[in-house]
Amino acid sequence: MAKKAQASDGAALVIVESPAKARTISAFLGKGYTIEASIGHIRDLPEGAKEIPKEFKSEEWAYLGVNVQKNFDPVYVIPREKSQQVKKLKALLKDSKELYLATDEDREGEAISWHLCEVLRPKVPVRRLVFHEITKEAIREALTHPREIDADLVRAQEARRIIDRLYGYDVSPLLWRKIRPRLSAGRVQSVAVRLIIERERQRMAFQSATYWDLLGTFVKSTGERFEAGLTAVDGRKIPGSRDFDPATGKLKDPALLWLDEPAAQQLRARLRGRPARVANLENKPYTTRPAPPFTTSTMQQEANRKYGFTARHTMQVAQSLYETGHITYMRTDSTSLAGVAVKAARELVASQYGDEYLPPQPRIYQTKVKNAQEAHEAIRPAGHPFDVPESLKSVLSPDQFKLYSLIWKRTVASQMADARGHRITITVEADGAAFQVSGKTIEFPGYLRAYVEGSDDPEADLAERELVLPQVAVGETLTCEELDAKSHTTQPPNRYSEASLTRALEEMGIGRPSTYATIIDTILARDYVFKLKRGNVLVPTWTAFAVSQLLESHLPNLVDYQFTAEMEDELDAISRGEMDPTEYLRCFYFGNEHPGLKQQLQNKVDEIDARDVCRIAIGKPEGAGPEVEEIYVRVGRYGPFLEQGDRRASLPENMPPDELTIPVVLELLEKASLSEQPLGVCPETGKPIFVKTGRFGPYVQRGTAQDDEKPQNVSLLKGMNPEDVDLETALKLLALPRTLGNHPESGQPVEAHNGRYGPYVRCGEETRSLPDGLSILSINLPQALELLAQPKARRRGAAAAKREPLRVFGPSPVTGQPVQVLSGRYGPYVTDGTTNASLPKDAPPEEIEFEYALHLLQVRAEVGPRKRRPPRKKKS
């Protein structure tokens, strides 16, 4: 029998969000306190019709879970998986003399505390504890100065939640009807997708340009060498990549000298052996200042640049560091540091680097945070003095250590002296041609001793590195030792990485940094974007193009950048008590001077032509006349495909849209048309045999869609090319599995199969994989018997991986069983013994934290079990 939850006699009950936070706090409080976790929100808006209370099911607005007809009153329900935890909290509160609500100090934390009060209905004194770091001093300070729940922050969180519900639940069904089921729209999510789409459109429209210049190697009389690039010839400047129009590939300024290879080689021949001299010398001092301490956004960006961490993983690791008392609260827009933190950083600078690295006065960083109530301290090491990273190496995981070290270095560097040096530019002249090189020397490294900020632009990063040039004087004669003609090709704009997308959203005032990780997770999970392994960048899918096309054409306000940023400002105004949330919601939904969401969506189902929004124009071959039809990508229910008039072709899975050029399109259409020509006719059935290429690769097909029976498809074997498949080979593939004969001892049939993990032979329960060099199409009975007679090799492969957990966490608060990450047939998944939830595609099992595993299980449980497809009815 389960032990009944009971608080210590006369103890105060302290409620936090997570078990990890509860464990850390319990170490600082005595026997007079019972610490328990709510495990996130204990109630929320209903997720579906089955969660709507009976008294509201007949209401017109019930599907929203928000009474839009009466002050936008939300309907809150306690999810099934949280009922046991709520019951436990009520039992603990019954025996407690006080209730302390110690949830996080942001809007979500404030809302959790308010919901706890609403559900638990405490009859004892209630106090709100707020602390920015989980240290003994901070918790004691919070206990000494408790406060009330901030109603304005609660209302702001509630308004944000309702806005997102109205947007998502009213717009998403339109996408289901016009594009395909299970798509979603979101207030920030859809704008983020639009940003990524617009960058891909720029790449698709991009026209490259190739230009040439010269690289000269110049030598002083002392033998010192340096290289310099050509910048001008006879007074005309040589263009760089930024001087070309990305849409046309032509020069923006025709006065520039555009060299091709023959012209570059001709200039090289002209300059060879000509005298050179130093025409100009610039030597300018520079000073650079340290970057401010981390905010949520800058921490996510830097962790992505330096370690390749996803935004989600960065927040998971930061949360674990916060909850174990190593860093301050990790959701913040502020760059300011508390006085005690400034003192701790300056002491470390003096002790570790010396007094010359300490500026005379502390550095003060101001943040332009409109929402003063949420302008907390920057992210920094917790406590005073700061723990040196090396002292924590034995207690932190590798990723925790990396992130803590990053935070420690950034914080300490923010209180260090400026870096100083000189930027030197040498201009060399030779027979009317000008060459130039720039160098950089660091005279005093200052904060660079502790920390160097990363860059999203590798070329800019290289340009900032130190380059020491030889000392020269104006008029000094040089020898041109070598001249090389160099080719350059302009490049399309870079795709967004997680770091650069986060920075773009923050700069535009769209969303809040604490939500960016969730937004990126969502657009990946919904297959609006995928990641390329090269560069770790975000690439939009054709489905995302269709969704963005629909919203831009028919609901432009909802994906307008300025409109979305203004919404953030208005929601912040609610949190400051400057705006009435009910009136704001009424204007958003029903409209005022401008149409509201409800009015914008009216008649859209009838107005929108699904064929138009699901069709993305690719263009025509160059020089094609009006009789040549336009080429489109069409997004269908089962994936995207190419369309030109009556011609169709499948698209390779995960091909970036900008790689779908006209030559590639024509090749795919040509292959598809060839696949419509049968290899021959099956002698047994009389049906045509085809070789086709689909989303998942080439395959052989017997029959057509017009037949009474479904066509039979078989994938080509590994290493097979469609061009090499003839009718005989196709028939052999369609004949799989092959019966080779009967086993001489058991009498059971011996068969050759092509399985998920490769070809194998089977006899009864016995199977053996085929070794390299032995084909499933040609193996005979003696060869199969020889394989079956061999001992079965012990593979630590798929079966073993399924049995052994990849990760094991603590017990689930819902089922009480250990939460584990397992390897399944379709990839890794997390389970609590009752519910299984697949990991996102970009979530390596080793990066999953306990809290995130619980979140995935909660989301999966809310969706409910997957419905099985009914079996296909056979045609009579």
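This talk covers aromatic pairs and charges over rings in one predicted model.

A word on the ground rules. Residues count from 1 along each chain as its sequence is written, and side-chain values use heavy atoms, without hydrogens or water. Local features need pLDDT of at least 70, side-chain atom pairs count only at pLDDT 80 or more, and totals for chains, interfaces and linings use all residues.

How many aromatic pairs does the structure hold? It holds 15. Rings of Phe, Tyr and Trp (its six-membered ring) pair if their centres lie within 6.5 Å; planes under 30 degrees apart are stacked, over 60 edge-to-face, the rest tilted.

Take Tyr33 and Tyr100. Their centres are 6.2 Å apart and their planes sit at 50°, so this pair is tilted. Tyr33 is in strand β2, Tyr100 in strand β5, 67 residues apart. Strands here are DSSP runs of E, at least two residues; helices are H or I, at least four; both are numbered from the N terminus. Tyr100 is buried at 7% relative accessibility. Tyr33 is partly exposed at 23%. Buried means under 20% relative accessible area, exposed over 50%, partly exposed in between, with a 1.4 Å probe and protein chains only.

Next, Tyr76 and Trp114. This pair is edge-to-face, with 6.3 Å between centres and 70° between planes. Tyr76 is in the loop between β4 and α2; Trp114 is in helix α3.

There is also a cluster: Phe72, Tyr589 and Phe590.

Now charges. Arg423 lies over the face of Tyr286, 4.4 Å from the ring centre. The rule: NZ of Lys or CZ of Arg within 6 Å of the ring centre and within 35 degrees of the ring normal.
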